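Morning, everyone. Please have a look at the model on the screen, and then I will walk you through it.

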Amino acid sequence: MSRGLFITLEGGEGAGKSTNLVFIRQWLHREGREVVVTREPGGTELGERARDILLHSKQLHISPESEMLLMFAARSEHIIKVIRPALAAGKVVLCDRFTDATYAYQGGGRGLAPERIAVIENWVQGELRPDLTLLFDIPVEAGRERAGQRSEPDRFEREENDFFTRIRKTYLDRAASEPARMRIIDASRSLEQVERQIVAVLQEFVHGQ
Ligand code: Z5A
């Protein structure tokens with residue numbers, strides 16, 4: 001049986017995670033891997049309900065601390081019910097966002113200290129960390145322009161550019177401090193060029209296992 005692999009996709013708004021997730025899943029299938037595609041917040045019934053509160057509560061003021069804890073409550077359920085069982089069965093878990101997003105959004109964006117996030121991360125996840133993270137990086141304005149083509153903005157999308165600039169910086173700092181796990185994809189390029197970068201990283205990673 002193949003070893004389970006945990007791959008996460010990260011990036012700011014409109015960076016192309018959802019678009020490229022389909023391409024990555026197909027690439028992994030061709031490599032003969034069974035893939036579980038999931039997302040955060042979400043991936044379980046509780047996670048999807050938490051997502052609805054976190055993204056779509058217009059009137060509710062949610063403190064940064066509560067926002068972080070809700071992300072981790074959803075994550076805990078996700079890890080127990082979806083991620084660990086799939087990894088134990090030798091599958092690839094392909095997850096649209098995970099804990100790097102908490103450091104970027106609740107840490108960089110909302111101003112929570114990374115040390116506080118790390119305490120909860122260790123408690124909820126134990127030793128579980130992604131094996132590979134693809135960071136889709138794009139300048140804030142360009143990403144927002146792509147995302148802006150869509151309908152109603154969610155709670156995060158209503159924030160100012162400064163918020164997203166801090167998020168981008170946090171992601172890039174994390175990638176610089178963990179270059180083996182977090183690989184930067186220049187998401188401002190054409191879709192074809194983005195796919196080429198993804199394949200280069202996946203080939204090196206999957207064939208190196
Ligand atoms: N969040 C958090 O705060 N803390 C946490 O711990 C976690 C999450 C886990 C979840 O939203 C929100 O939760 C997120 C962070 C927060 N909030 N925000 N903002 P999400 O992940 O579901 O939504 P999102 O980040 O807003 O995703 P997105 O804007 O849909 O981005 P995307 O998936 O990276 O982009 P996309 O939909 O694939 O592409 C956007 C558009 O660009 C689309 O029209 C594509 O056709 C187009 N596109 C994509 N690639 C290209 C290229 N290369 N060229 C041209 N056009 C392109």
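First, the ground rules. This is a predicted model, where local features need pLDDT of at least 70, side-chain atom pairs count only at pLDDT 80 or more, and totals for chains, interfaces and linings use all residues. Residues are numbered from 1 along each chain as its sequence is written, and side-chain values use heavy atoms, with hydrogens and water left out.

Start with helix H8, residues 191-207. Helices (H or I, at least four residues) and strands (E, at least two) are DSSP runs, numbered from the N terminus. The expected span of a helix is 1.5 Å times one less than its number of residues. H8 has 17 residues, so it should span 24 Å, and its end C-alpha atoms are 24 Å apart, which agrees.

Which residues of H8 are buried? They are Val194, Ile198, Val199, Val201, Leu202, Phe205 and Val206. Buried means under 20% relative accessible area, with a 1.4 Å probe and protein chains only. These residues pack against strand E1 (5-11), helix H1 (17-30), strand E4 (132-137) and strand E5 (182-186). Contact here means heavy atoms within 4.5 Å.

Now the cores. A nonpolar core is a set of buried Ala, Val, Leu, Ile, Met, Phe, Trp, Tyr and Cys residues joined through side-chain atoms within 4.5 Å. The largest has 25 residues, and Ile7, Ile24, Leu28, Leu134, Phe136 and Ile198 touch the most other members. E1, H1, strand E3 (92-96), E4 and H8 each give two or more residues to this core. H8 provides the largest share, seven residues. Another core lies apart from it, with 17 residues, among them Leu135 and Phe163.

On to the ligand. There are 27 residues around it, and Ser18, Thr19, Arg51, Arg97 and Thr102 come nearest. Around means a heavy atom within 4 Å. Helix H4 (99-109) gives the most to this shell, four residues.

A polar side-chain atom of Arg97 lies 2.3 Å from a ligand oxygen. For the side chain of Thr19, the distance to a ligand oxygen is 2.5 Å. Gly14 uses a backbone N or O atom, 3.0 Å from a ligand oxygen.

Last, Ile117, in helix H5 (residues 114-125). Buried or exposed? Ile117 counts as buried, because its relative accessibility is 0%. Its contacts include Met68, Phe72 and Tyr103. Phe72 is 45 residues away along the chain, yet the two C-alpha atoms are separated by 9.5 Å.

Definitions and conventions. Buried means under 20% relative accessible area, exposed over 50%, partly exposed in between (1.4 Å probe, protein chains only). A polar contact is a pair of N or O atoms within 3.5 Å; within protein, one must be able to donate a hydrogen and the other to accept it, and residues adjacent in sequence count only if both atoms are side-chain atoms. Lists of a residue's contacts leave out its neighbours within four places in sequence.
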